[in-house]
Amino acid sequence: MAFGTRHLVIVIGALATAAALGLGLSSVDVTSIANAQVETPAVAAETFKGEIVLGDAKAPVTVIEYASMTCPHCANFHLKDLPELKKKFIDTGKMKLIFREFPLDALALRASMLARCGGEAKVHSFIDVLFGQQMNWASSKDPLAALSRIARMGGMSQQTFDACMADEA
């Protein structure tokens, strides 16, 4: 895919900024998941298995982000830099972002599974909340229980969460 040098510089600059900014995290409203207009999947078999894309599929610039849900730098990018990229490039149709999980540990894998088990309509909301609340759930004495609480706040039943966590596919 061809795109201008200016776009490449902007994208590389944004990603470098995200990496350089470090650990600062801001709060994300957990209710944003529940406000997504979709029915909660009844079973984990309805897990969203496609590409997680933010923006117009026909955008001329594609950025593929590999992120781990327990990575503080990844959370910082989502909370600090992505909103500006979204406003200037994604919402204007100039760029799309493809989010790909790159779990660095078993807990990051579980968090990614939770985001996908919310279904296609809620996957972005779950990712936003998981990154926004990362310091709380990832450092919890019982991180799976913390993830379960996030799932329930997002409208997922305990039964659906348990099935999601047990789904090895």
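**Figure 1. Arg116 forms a salt bridge with Glu101, with closest N and O atoms 2.6 Å apart.** The pair links distant parts of the chain, 15 residues apart. Arg116 sits in helix 4 (residues 106-117) and Glu101 in strand 3. Helices (H or I, at least four residues) and strands (E, at least two) are DSSP runs, numbered from the N terminus. A salt bridge here is a side-chain nitrogen of Lys or Arg within 4 Å of a carboxyl oxygen of Asp or Glu. Arg116 counts as buried, at 16% relative accessibility. Glu101, at 23%, counts as partly exposed. Buried means under 20% relative accessible area, exposed over 50%, and partly exposed in between (1.4 Å probe, protein chains only). The model is predicted: local features need pLDDT of at least 70, side-chain atom pairs count only at pLDDT 80 or more, and totals for chains, interfaces and linings use all residues. Residues are numbered from 1 along each chain as its sequence is written, and side-chain values use heavy atoms, with hydrogens and water left out.

**Figure 2. Arg100 and Glu51 form a salt bridge.** Their closest N and O atoms are 2.8 Å apart. This pair, too, links distant parts of the chain, 49 residues apart. Arg100 belongs to strand 3. Glu51 lies in the loop between helix 2 (31-34) and strand 1 (52-54). Arg100 is partly exposed, with a relative accessible area of 25%. Glu51 is also partly exposed, at 40%. The structure holds 4 salt bridges.

Figure 3. Glu84 is partly exposed at 38% relative accessibility. Lys88 is partly exposed at 44%.

**Figure 4. Lys96 is buried yet has no salt bridge.** Lys96 is found in strand 3 (residues 95-101). The nearest side chain of opposite charge is Asp56, 7.3 Å away. For charge, Lys and Arg count as positive and Asp and Glu as negative; His and the chain ends are not counted. The Lys96 side chain does make a polar contact with the side chain of Thr62, at 2.8 Å. A polar contact is a pair of N or O atoms within 3.5 Å; within protein, one must be able to donate a hydrogen and the other to accept it, and residues adjacent in sequence count only if both atoms are side-chain atoms.

**Figure 5. The chain has 8 helices and 3 strands.** From the N terminus on, the elements run α-α-β-β-α-β-α-α-α-α-α. Of the 169 residues, 43% count as buried. Contact means heavy atoms within 4.5 Å. Among contacts between residues at least 6 apart in sequence, 83% join residues at least 24 apart. The chain exposes about 8,800 Å², with carbon and sulfur atoms supplying 59% of it. Accessible areas come from the Shrake-Rupley method with a 1.4 Å probe; for residues, only the protein chains shown count as cover.

**Figure 6. Confidence is lowest in helix 1 and highest in helix 7.** Helix 1 (residues 5-21) has a mean pLDDT of 40, and helix 7 (residues 143-153) one of 97. pLDDT is the predictor's confidence in each residue, from 0 to 100. The chain mean is 80, and 72% of residues reach 70 or more. Over residues 1-45 pLDDT stays under 50. For that stretch the model has 85 contacts beyond four places in sequence.
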